[in-house]
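Subject: Structure handover

Hello,

Here is the structure you will be working with. Please open it first, then read the notes below.

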Amino acid sequence: MSSITVPNPLPSPIEDAKSLWKAFDGYGKDENAIKELLCHRTSAQIAQITRAYEDLYKEKLMDRLNSEFSAIFQLHSKPALMLRAMDPADRDAKWAHKAIKEKKGECGALMIIEIACGSSPDHLVAVRKAYSTRYSRSLEEEIAFTSAFKEPMREFLVQLVTSYRYRGDNAEESSAQSEAAILYNGLQTNHLLQEQITRMISLRSKSHVKAIIQYYQQEYGKSIEEELATCTSPFSALMKVVIWCLISPEKHFAEVLRGSMEGLGTDEDTLTRGVVSRAEIDMELIKEEYKRRYNTTLTHDITEDTSGLYKDILLALIGPEKEP
C-alpha cells in the first residue's frame, strides 16, 4: 500500500517541468516547491516529468538537482530528493553496488536481500538490467566474484538475485509440508545454508514460502522467528530477513526504520533508504506494523530525530498517519 499522494487534478508533465524550472530559477531556489512536486508524484509520473524537463530545457533534471543542492549544507536532504527522483530499478542497482563495494559483510548482504526479496520478480529483473547498464557487469557476476561476502552466503545471494519467482497464490501443500521438515532439521543442526534449504528459499514462490512457514508452526509449535532467535547459526539473522522480506516485508522494514533512529544519533543513510524504497510499495503497512510493535508512530519518531527540509521530505513520503 503506497503512501504517495498526488494532486487532483494532476498537472501535465510539461506543467510540472515548468514548475521545477521556476523553482530552480532566479536568486535562491524554492526548496518547498521542489520537495512538494517530487514527493507527491509517483515514480512513473516523475519519469514523464524528467523527459519533459530535458526536452524543454536541454539539461538533465538529475544534473540540475545535483547543482542546486549543496552537499555540505543539505547533507541529507540532497540524497533523499535525488534518490526519490531516480528510476526505482536504477536506484536499487546503485544501492546494490554500494552494498557490494562499500558496505560488504552482513550489512551489505542485508541490502542485497532487501532488493532481491522485498519487491516483485519483474522489478528484480529491471534492477539486474539497470545494474548491467550502469556498471558494465551483471549483478550476479559482481556478487559471485566479490570478496565482500564469504561462502556459503555468497552463493545464496547469487541464487536470490537470479531467481524469477512465480507470482501467483498457489502453493503445493505436500511439498510445503515436507520442506517445513527440511527447514526444521536445518535449524536443529544449525545448518541453515545447506543446499536443500537455500534452493527452496531462493526458488519457491512467495506464497509457497509462506505455506512452508505456516506448516512449520503447525507441526513444531513455534514460529520461525522464535526458532531463528535461538538458533546459533551465524546466518540465522540474515535468514530471518530473507523470510520476512519474502512474506512480511513490513516487519523487516519497520525494524530497519526503528533501528536507524534508536540510540545516539541517526543513521540517515538507512532511514532514507527505508523510506524512499518503500514509499510506493508498502509504507502504509510498515506504519501500521511500526505502531503496533513500538507503541509510537513512525511520524513521531521521524519528527523527533530529523529536522528541516530532510524531515519534511521524509514526512511527505510516508504520508499522514491513519486516524485511530
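A pocket is found on a 1 Å grid over the protein atoms alone: it is an open set of points where a 1.4 Å probe fits, with protein on both sides within 12 Å along at least five of seven lines, and its lining residues have an atom within 4 Å of a point. Grid points are joined across faces, edges and corners, and the volume is the space filled by probe spheres set on the points. The idea behind the probe is that rolling one the size of a water molecule over the atoms shows where empty space is left.

Two notes on the source. This is a predicted model, in which local features need pLDDT of at least 70 and side-chain atom pairs count only at pLDDT 80 or more, while totals for chains, interfaces and linings use all residues. Residues are numbered from 1 along each chain as its sequence is written, and side-chain values use heavy atoms, with hydrogens and water left out.

Pockets

The second largest pocket has a volume of about 480 Å³. Its lining has 22 residues, and Lys206, Cys245, Leu246, Ile247 and Pro249 lie nearest the centre. Helix 13 (206–220), helix 15 (236–247) and helix 16 (249–261) each give at least two residues to this lining; helices here are DSSP runs (H or I, at least four residues), numbered from the N terminus. By class the lining has 8 nonpolar, 6 polar and 8 charged residues. Nonpolar covers Ala, Val, Leu, Ile, Met, Phe, Trp, Tyr, Cys and Pro, charged covers Asp, Glu, Lys and Arg, and the others, Gly among them, are polar.

The largest pocket has a volume of about 660 Å³. It is lined by 30 residues, of which Pro79, Met82, Leu83, Met86 and Lys94 are the closest to its centre. Helix 6 gives the largest share of that lining, 7 residues. The classes in the lining of the largest pocket are 12 nonpolar, 5 polar and 13 charged.

Cysteines

How many disulfides are there? With a disulfide taken as a pair of cysteine sulfur atoms within 2.5 Å, the count is 0. The sulfur of Cys245 is 6.2 Å from the closest cysteine sulfur, in Cys117, which is too far for a bond. Cys245 is buried, at 1% relative accessibility (buried is under 20% relative accessible area, exposed over 50%, partly exposed in between, with a 1.4 Å probe and protein chains only). Cys39 is also buried, at 0%.

Cys39 is one of the buried residues of helix 2 (residues 31–39), along with Ile34, Lys35, Leu37 and Leu38. These buried residues pack against helix 1 (13–24), helix 3, helix 4 (61–68), helix 5 and helix 20 (308–318).

Thr270 is in helix 17 and is buried, at 16% relative accessibility. Leaving aside neighbours within four places in sequence, Thr270 is in contact (heavy atoms within 4.5 Å) with Val256 and Ser260.

Aromatic rings

The whole structure has 9 aromatic pairs. Rings of Phe, Tyr and Trp (its six-membered ring) pair if their centres lie within 6.5 Å; planes under 30 degrees apart are stacked, over 60 edge-to-face and the rest tilted. The rings of Tyr131 and Tyr135 have centres 4.8 Å apart and planes at 50 degrees, so this pair is tilted. Both residues lie in helix 8, 4 residues apart, about one turn of the helix. Tyr131 is buried at 0%, whereas Tyr135 is partly exposed at 22%.

Regards
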